[in-house]
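Biologist: I'm new to this one. Can you walk me through it?

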Amino acid sequence: MSDKKVIFLDVDGTITTYENVIPASAKRAIRAARARGHKVLMCTGRSKAENPPELIEIGFDGMIGGNGSYVEVDDQVLMHVHVSSEQCAHIVDWCHGRGLEFYLESNNGLFASENFREAARPVLRRYAGRKGVEGADRLETDDVMHGMVYGAELYRDDVNKVSFILSSYQDYLDAVEEFSDMKVGTWGGAGETALFGDVATKDIDKAVAVEKVVEHLGADPSDTIAMGDAKVDIPMFQACATSVCMGSGGEEAKAAADFVTTDVAEDGLWNAFSRLGLV
């Protein structure tokens with residue numbers, strides 16, 4: 001064990017608020033920790049195209065994207081697992097056949113289906129409202145989702161994962177059956193309150209990616225710290241020696257973490273970094 005840590009940070013609800021605002025204290029925490037020699041990496045469901053300039057400008061030592069499908073450290077790509085072009089076409093055709101709007105998550109952009117902007121607006125407002133966002137009922141799709149591309153080709157070979165709007169929980173259950181060769185999940189709520197389904201390559205999660213980074217850096221697993229806010233972060237919590245859930249996080253994530261910090265908008269990241277002696 002050393003005094004230099006490797007810190008893995010989820011983005012949505014951890015570094016940023018649910019309406020994509022980055023608290024000044026979060027920027028300060030990340031920069032102060034790196035100045036002290038700690039490594040700080042994003043570990044997110046986002047693909048690279050979803051990161052706005054304000055987030056990138058904070059400065060990171062690397063990024064795990066697509067919930068583990070993409071791993072980059074010091075500008076070197078260690079792993080990138082794509083959905084195959086055949087799998088992508090299958091997902092696109094299935095969504096079209098059921099009348100479900102969706103977007104393809106790629107490092108080159110978020111490629112939206114024909115009516116996604118309109119269909120997603122009320123869903124994303126509900127998502128933001130559940131997270132306590134003020135003015136959630138006035139948000140537009142592009143306020144919540146950075147990097148959306150409309151009118152592009154949807155049969156692609158550069159896709160990390162696909163998210164689709166659930167018309168009911170049955171869409172998720174049917175997707176599990178339809179895409180048995182892939183990993184199917186939900187987000188935006190637990191169980192039948194979920195708002196989106198997502199489809200990604202099998203056997204990939206944040207834990208696999210964390211292990212890849214630790215091995216590449218030659219770090220001791222006992223020097224790893226994970227911070228997140230959602231069920232999808234639990235594998236990352238389990239892969240790291242210390243885990244922290246945001247006060248604004250979900251109950252399952254809170255139960256899985258070593259401790260819970262304050263809400264993301266209430267200096268949650270800074271308070272956690274301070275408690276751990278990182279700043």
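**A loop residue to begin with**

Modeller: Aspartate 74 lies in the loop between E4 and strand E5 (76–80). Strands (E, at least two residues) and helices (H or I, at least four) are DSSP runs, numbered from the N terminus. This is a predicted model: local features need pLDDT of at least 70, side-chain atom pairs count only at pLDDT 80 or more, and totals for chains, interfaces and linings use all residues. Residues are numbered from 1 along each chain as its sequence is written, and side-chain values use heavy atoms, with hydrogens and water left out.

Biologist: What is the phi of aspartate 74?

Modeller: Aspartate 74 has a positive phi of about 50°, although it is not a glycine. Most residues other than glycine have a negative phi.

Biologist: How exposed is aspartate 74?

Modeller: Aspartate 74 is partly exposed, at 47% relative accessible area. Buried means under 20%, exposed over 50%, and partly exposed in between (1.4 Å probe, protein chains only).

Biologist: And asparagine 67, buried or exposed?

Modeller: Asparagine 67 counts as buried because its relative accessibility is 11%. Its loop runs between strand E3 (62–65) and strand E4 (70–73).

Biologist: What does the side chain of asparagine 67 reach?

Modeller: The backbone nitrogen of glycine 45, at 3.3 Å. That is a polar contact: a pair of N or O atoms within 3.5 Å; within protein, one must be able to donate a hydrogen and the other to accept it, and residues adjacent in sequence count only if both atoms are side-chain atoms.

Biologist: New topic. Which residues of helix H6 are buried?

Modeller: In H6 (residues 169–178), the buried ones are Asp171, Tyr172 and Ala175. They sit on the same side of H6 because they cover an arc of only 100° around the axis. The arc is that of the directions from the helix axis to the C-beta atoms.

Biologist: What do the buried residues of H6 pack against?

Modeller: Helix H3 (85–98), strand E9 (159–165) and strand E10 (182–187). Contact means heavy atoms within 4.5 Å.

Biologist: Now H1 and H10. How do their axes cross?

Modeller: At roughly 35°, and the axes come within 7 Å. Axes are lines fitted to C-alpha atoms, for helices over the stretch in contact, and angles run from 0 to 180 degrees between N-to-C directions.

Biologist: Which residues meet there?

Modeller: Ser25, Ala26, Arg28, Ala29, Ile30 and Ala33 in H1 meet Leu269, Trp270 and Phe273 in H10.
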